[in-house]
Amino acid sequence: MPASDHFDRRGLQPALDFAITVVLWIYFTGGFVFFFSPFYLWAFFFAGQREKSFQRLNSRFYRGFFAFARVLMPGHRWQIPPEVRDIRSAVFVCNHRSYLDSILLISLYDKHNTIVKSRLFDIPLFGSMLQWSGYIPSSSQGRFSEMMIQRIEKMPAFLADGGNLIIFPEGTRSQDGRIGRLNKGAFKIARSCRAPIKVLFVRNTEKMFRPGSFSFDTRGPNTISLALIGTIDSATDRETGFLSQVMGRVRAMLESQNK
């Protein structure tokens, strides 16, 4: 009898899921306070390039989370090929299945930026860290308008220096796996910066952390993968002359993975 079935029949699997979830959330709080906060404080006061230092620390913090998760949940396997890990100076567009998607991509790249829901900037301390990391608010309304303008103006230099911009153009998680409506922001930024668009597809993160659930599903077997499924060269007029055509191509790439 598989161990997971044994736990389920005895009613212990939910308790195990809950316990491992608590341990991982302790990493998010205790790990930050006791291990990472001194490095963030040093970067805030002494780093010559604060945004770059904060992005690197964010990446390593989440990298530690996933390393810990691999140990605690060996039933979940990971497939992230070198061709994804080695991408530089690109705008990423990716489907969105779970809250884990964004921190997974952040964990892969020391030099990164991303678009964050504007309401998160209002959370004490966490919102300040998002701002110090140079992340972009999703709304250009009110007090966020100047912040967004400043971030976008710096984007060409950031990408030219090897940074990656991570965007989930659906804007929210898919509840059924189907690709939702794509927002234009990522494509406009790529065109204005003449940066390549790297189309990624993530699978099965929602099986590890199901929408609407507090606890991780620790059992498996499950394989989480992140694949590069296409590239669009935004530096060529032929491919960027019509924004709707580029968005249509990306949608077709993403939808082809659901078949």
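Okay, let's start with the sheet: it's open, it has seven strands, and the order runs β1-β7-β6-β2-β5-β3-β4, with mixed pairing. At the edges you've got β1, residues 76–79, and β4, residues 136–137, each of them pairing on one side only. Just so we're clear, this is a predicted model.

β1 pairs with β7, residues 222–232, in the parallel sense, over four bridges.

Next one over: β7 with β6. Here the two strands run antiparallel, and seven bridges join them. Leu-200 in this pairing stands opposite Leu-228 of β7. Now, how many of the seven residues of β6 are buried? Six, so β6, which covers residues 197–203, is largely enclosed by the rest of the structure.

On we go to β2, residues 91–94. That strand runs parallel to β6, with four bridges between them. The pair to look at is Val-91, which sits opposite Ile-197 in β6.

With β5, β3 runs parallel, and three bridges hold the pairing; Thr-114 has Ile-166 of β5 as its bridge partner. With β4, the sense is parallel again, over two bridges, and Val-116 stands opposite Pro-137 there. β3 itself is residues 112–116, and because four of its five residues are buried, the strand is largely enclosed by the rest of the structure.

As a quick reminder, strands of a sheet pair through backbone hydrogen bonds, either parallel or antiparallel.

First, charge. Which residues make up the positive patch? They're Arg-181, Lys-184, Lys-188 and Arg-191, gathered together on the surface. Take Lys-184: you'll find it in the loop between β5, residues 164–167, and α8, residues 185–193. Its relative accessibility is 46%, so Lys-184 counts as partly exposed.

Then the greasy one. Phe-18, Val-22, Trp-25, Ile-26 and Phe-214 form a nonpolar patch on the surface, and together they have about 460 Å² of accessible area. Trp-25 belongs to helix α2, residues 13–46. Is that tryptophan buried or partly exposed? Trp-25 is partly exposed, because its relative accessible area comes out at 33%, and the cut-off for buried is under 20%.

That's my tour, thanks, everyone.

Terms used: Residues numbered from 1 in each chain as written. Predicted model: local features only at pLDDT ≥ 70, side-chain atom pairs only at ≥ 80, totals over all residues. Heavy atoms only, no water. Patch = residues over 30% accessible without salt bridge, like charges linked within 9 Å, V, L, I, M, F, W, Y side chains within 5 Å. Areas by Shrake-Rupley, 256 points an atom, 1.4 Å probe, with all protein chains shown as cover. Salt bridge = Lys/Arg side-chain N within 4 Å of Asp/Glu carboxyl O. Lys, Arg positive; Asp, Glu negative; His and termini not counted. Charge placed at Lys NZ, Arg CZ, Asp CG, Glu CD. Buried < 20%, exposed > 50% of the residue type's maximum accessible area, 1.4 Å probe, protein only. Pairing = 2+ DSSP bridges.
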